[in-house]
Amino acid sequence: MANFVWWKHGVVYQIYPRSFQDTDGDGVGDLKGIGERLAYLEWLGVDAIWISPIYPSPMADFGYDVSDYCNIDPLFGSLEEFDRLVAGAHARKIKVVLDFVPNHTSERHPWFLESRASRINPKRDWYIWRDGGPDGSPPNNWLSQFGGPAWTREARTGQYYLHSFLPEQPDLNWRNPAVRTAMYDVLRFWLDRGVDGFRVDVIWLLIKDAALRDNPPNPNYRPNEAGIHRFMQVYTADQPETHEVVAEMRFVLDQYDERVLIGEIYLPIERLVTYYGQDLRGAQLPFNFQLLHTAWTAAAVGKLVTDYEGALPPGGWPNWVLGNHDQPRIAARVGEAQARVAAMLLLTLRGTPTMYYGDELGIGRVAIPHEAVKDAWEKNEPGLGLGRDPSRTPFQWDATSNAGFSSGTPWLPVDPSFKSHNVKVLRADPASILSLYRDLLSIRRKHPALVSGTFRLQGTEGNALVFERKAESERIVVCLNFGDTEQPLPVEDFGRSVILASTHPDRASLDPKTVLRPNEGLTILTTALPS
Ligand code: GLC
């Protein structure tokens, strides 16, 4: 594996910095906190951390509204603290990936302050300004991802500006070369500081239809969905020119050694894979979110993996995600027992896995009382279950107050189950989900079949999904039971096999009559290669 670049063999761990570790008692996590917890991440066995935005921000969208791309918000620390964190991580062989938010700035970014000042300001065209209709209506029917129109009218200049998200997040005009130049300088600023790559926010939304055509209505829209789904995103997403921008970003990264470009892309598989770019000169890892939305059955997951593997361009490297700061947590979706099966799936499929902080503790859906809601999306479209606070609660380190996250009042409530679900308790229990994650991460490192081996779906039968990973003389079979009833294993003589990992640690051996117990997953090293 020596010649295998880190972002292919490694495992990425997403940190939501507000919620990882607070060191100054303000109830919000900080860089120093991450630095103090590097030993944990090293113990766990992850290879890279991706940190959600830490730049100066008014926090209308908790950092995804950036007011200065080349600095650190005092809430999180300083540039010096950032440098210390990168050095500390690198000393432990942990790479650092930053979140790059190019689609929009904060409304308080100096560029937007200039842009909004007058119609003739040199930065006017850095954002997307248009006249309204004759009756004063917005320029077209585009909607904000967070509810309501995507246009806000400025009384001062009488024009509307576009915001794909909150009005506090005006969209940059990526058709303007000056914007591109300025943003590529931002990439260089961080690359020069030693950052190992970027996760690029909403990369598939960067370019909008030049003629600003109306999006067509979505015939399948259901009223209990987010308002954005009322229209098909034909003219606001996945525009052909986006690929030009992705290739340019990649070009900037390629001037440095082994840096990675990860793209946030919510698209069907056949569109997603186009983001690898022509001749693989796009994103090295266009985020594959398919597991987040596929039915949790052996048949559906088996089909998904086959479809995805089959759709990858030659040489395109796969990747898998089970959760992030915008999605319900995996344990909330599939339950505690299946969360362990999910862990095994994530860490044994072919490709780079991205873990979400706290999933290794089995954190489920944390109820957020009405008065504690922070997410603007929940406030804009309440009651539809769109709010993202339940997946962003403080990390659970131990059983002391606030789970050892903060000596102050945490910005979001701590999961009430923290007394039993915390690092200290779970670390001491070899049967815990945390121990399972750590074991899986460690066997991944040791077995080339899991890192660089081929993938073959052996089959799905009832609730069982069975697949094989193979490299040279090593063959590993993964058997996962997606149900809560016993499931016979496909016929195979596992006679001389070794169990590398099991969701049920009391499983000691295999015999020809082995059945998978309810919710059981096994990773098996077979000694003989079947012909
Ligand atoms: C991405 C982020 C999300 C944010 C949005 C706007 O989807 O992951 O958290 O709200 O972009 O930046």
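Figure 1. Val46, Asp47, Arg92, Lys93 and Arg445 lie nearest the centre of the second largest pocket, which is lined by 16 residues. Its volume is about 260 Å³. Pockets and cavities were found on a 1 Å grid over the protein atoms alone: a pocket is an open set of points with protein on both sides within 12 Å along at least five of seven lines, a cavity is a set of points where a 1.4 Å probe fits but cannot get out, and lining residues have an atom within 4 Å of a point. Grid points are joined across faces, edges and corners, and a volume is the space filled by probe spheres set on the points. The model is predicted, with local features requiring pLDDT of at least 70 and side-chain atom pairs pLDDT 80 or more, whereas totals for chains, interfaces and linings use all residues. Residues are numbered from 1 along each chain as its sequence is written, and side-chain values use heavy atoms, without hydrogens and water.

**Figure 2. The largest pocket.** The largest pocket has a volume of about 1,400 Å³. Its lining comprises 49 residues, of which His229, Tyr266, His293, Gln327 and Trp377 are the closest to the centre. By class, 23 lining residues are nonpolar, 16 polar and 10 charged; Ala, Val, Leu, Ile, Met, Phe, Trp, Tyr, Cys and Pro count as nonpolar, Asp, Glu, Lys and Arg as charged, and the others, Gly among them, as polar. The ligand sits in this largest pocket, a placement that requires more than half of its atoms to lie within 2 Å of the grid points.

Figure 3. Around the ligand are 14 residues, the closest being Asp61, Asp201, Glu264, His325 and Asp326; a residue is near if one of its heavy atoms lies within 4 Å. This shell has 7 charged, 4 nonpolar and 3 polar residues. A polar side-chain atom of Asp61 is 2.5 Å from a ligand oxygen atom. For the side chain of His325, an N or O atom lies 2.8 Å from an oxygen atom of the ligand, and for Asp326 the corresponding distance is 2.5 Å. The protein covers 96% of the 310 Å² of accessible area that the ligand has on its own (Shrake-Rupley method, 1.4 Å probe).

**Figure 4. The largest cavity.** The largest cavity has a volume of about 70 Å³. Among its lining residues are Trp142, Leu143, Leu205, Lys208 and Ile228. The lining divides into 6 nonpolar, 4 polar and 1 charged residues. Domain 1 (6-103 + 177-441) and domain 2 (110-162) each contribute at least three residues to this lining, the bounds coming from an automatic or database domain assignment.

Key:
Polar contact = N/O pair within 3.5 Å; in protein donor to acceptor, adjacent residues only side chain to side chain.
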